[in-house]
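Student: I would like to learn how to read charged pairs and nonpolar cores in a model such as this one. Could we begin with the charged pairs?

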Amino acid sequence: MSPQSPILIKRSFPWTDTVQGQSVTFRLMTREDQLAVVSLARSLDDVDLAFLRQDITQPAVVDEWIDQIERGRTITILVEIQGRVAGYGSLFHDEMLWTSHIGEIRVLVSGKYRGLGLAKRLTVELFHIAREMRLERVICQIPAAQTRVRQMFERLGFSPEAILSDWIMSRDGETHDLIIMSRPPDELIIV
Ligand SMILES: CC(C)(COP(=O)(O)OP(=O)(O)OC[C@H]1O[C@@H](n2cnc3c(N)ncnc32)[C@H](O)[C@@H]1OP(=O)(O)O)[C@@H](O)C(=O)NCCC(=O)NCCS
C-alpha cells in the first residue's frame, strides 16, 4: 500500500441501520466533512473539551486529520443522525513505524446520542477493518479517571497495558494519569 493513498478496505460504506429507533448512517469521513466535524467538536461540553486529545474545534487541526486519512494513516467512520455528524471512530496506523502491527482506536459520540451503543458499534466496525489490515493489536488511550470509558473498553475485551503517571494535561492545566489498553482484533465481538 502506498503511504500516500487512503486505506483500501473491503467493508463497504455507507450503510444505514436503526439504533434504538433512530436511523443512523455509518460512512467514511472525507475532506467535505471538515466543518461538520468542527461543529460536532464545538457542541461538546467542558469535560469532553478538557480531554480532547487534539483541539478539533479548530478547522486547521481537522484539516491535518483529513491529511492523515488521505495519506492512509487513519481511517475514520462517521455516524450521522438526521443529517448531522453525531460521532466518529478512527483507527490510526502507520506502517512506517516500528509499531506498524498496532492500530489505535479513538471514538467520540456527541453528548446528545450517548448510551445508544454507537461507540461500541463504531469500535466493532474498526475491529473488522483492523483485521482486514492484518493488525496484531488495537490499543486505546484513555484518562485513568474516566472509569465509565475504561469499563466500556473492558467490556469490549481490552485489558490495561500500562498506566503512565501525569502523562496528559487537560485544558485547565491539571495533569492526569493515562491508561493504555489493548486487545488483538482477532475475534468477533458481539455488542
Ligand atoms: C466514551 C464514549 C465514546 C461512549 O460513547 P457512547 O456512544 O455513549 O457509548 P455506547 O453507548 O456505545 O456504550 C455506552 C457504554 O459506555 C459507557 N459510557 C462511558 N461514558 C459514557 C457517557 N458519558 N454516557 C453514557 N455512557 C457512557 C457506559 O458505561 C456504557 O456501558 P454499557 O452500555 O456497556 O453499560 C463517549 O462517552 C464519548 O465520546 N466520550 C468522550 C470521548 C472519549 O472519552 N473517548 C474514548 C477515548 S478514545
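Tutor: Bear in mind that this is a predicted model. In it, the side chains of D63 and R31 form a salt bridge, with N and O 3.6 Å apart. D63 belongs to helix α3 (residues 59–70) while R31 sits in the loop between β2 and α1, so this pair ties together parts that are 32 residues apart in sequence.

Student: Is D63 buried, partly exposed or exposed, and why?

Tutor: Buried means under 20% relative accessible area and exposed means over 50%; D63, with a relative accessible area of 27%, is therefore partly exposed. R31 also counts as partly exposed, at 31% relative accessibility.

Student: With which other residue does the side chain of R31 meet in a salt bridge at 3.0 Å, N to O?

Tutor: That residue is E70, which lies in helix α3, 39 residues apart from R31. R31, D63, D67 and E70 are linked in a network of salt bridges, and the structure holds 13 salt bridges.

Student: How should I read the nonpolar residues?

Tutor: In soluble globular proteins, nonpolar side chains tend to be buried together. Here the largest nonpolar core has 34 residues, and those with the most contacts inside it include F26, L91, L118 and I129. Among the elements that give two or more residues to this core are β2, β4, α4 and β8, with the largest share, seven residues, coming from α4.

Student: Which residues does L91 touch, beyond those up to four places away in sequence?

Tutor: Among them are I75, I105, L126, I129 and V138. Apart from this core lies another, of 17 residues, including V38, L44, L52 and I69.

Conventions. Residues are numbered from 1 along each chain as its sequence is written. This is a predicted model: local features need pLDDT of at least 70, side-chain atom pairs count only at pLDDT 80 or more; totals for chains, interfaces and linings use all residues. Side-chain values use heavy atoms; hydrogens and water are left out. A nonpolar core is a set of buried Ala, Val, Leu, Ile, Met, Phe, Trp, Tyr and Cys residues joined through side-chain atoms within 4.5 Å. Buried means under 20% relative accessible area, exposed over 50%, partly exposed in between (1.4 Å probe, protein chains only). Helices (H or I, at least four residues) and strands (E, at least two) are DSSP runs, numbered from the N terminus. Contact means heavy atoms within 4.5 Å. A salt bridge is a side-chain nitrogen of Lys or Arg within 4 Å of a carboxyl oxygen of Asp or Glu.
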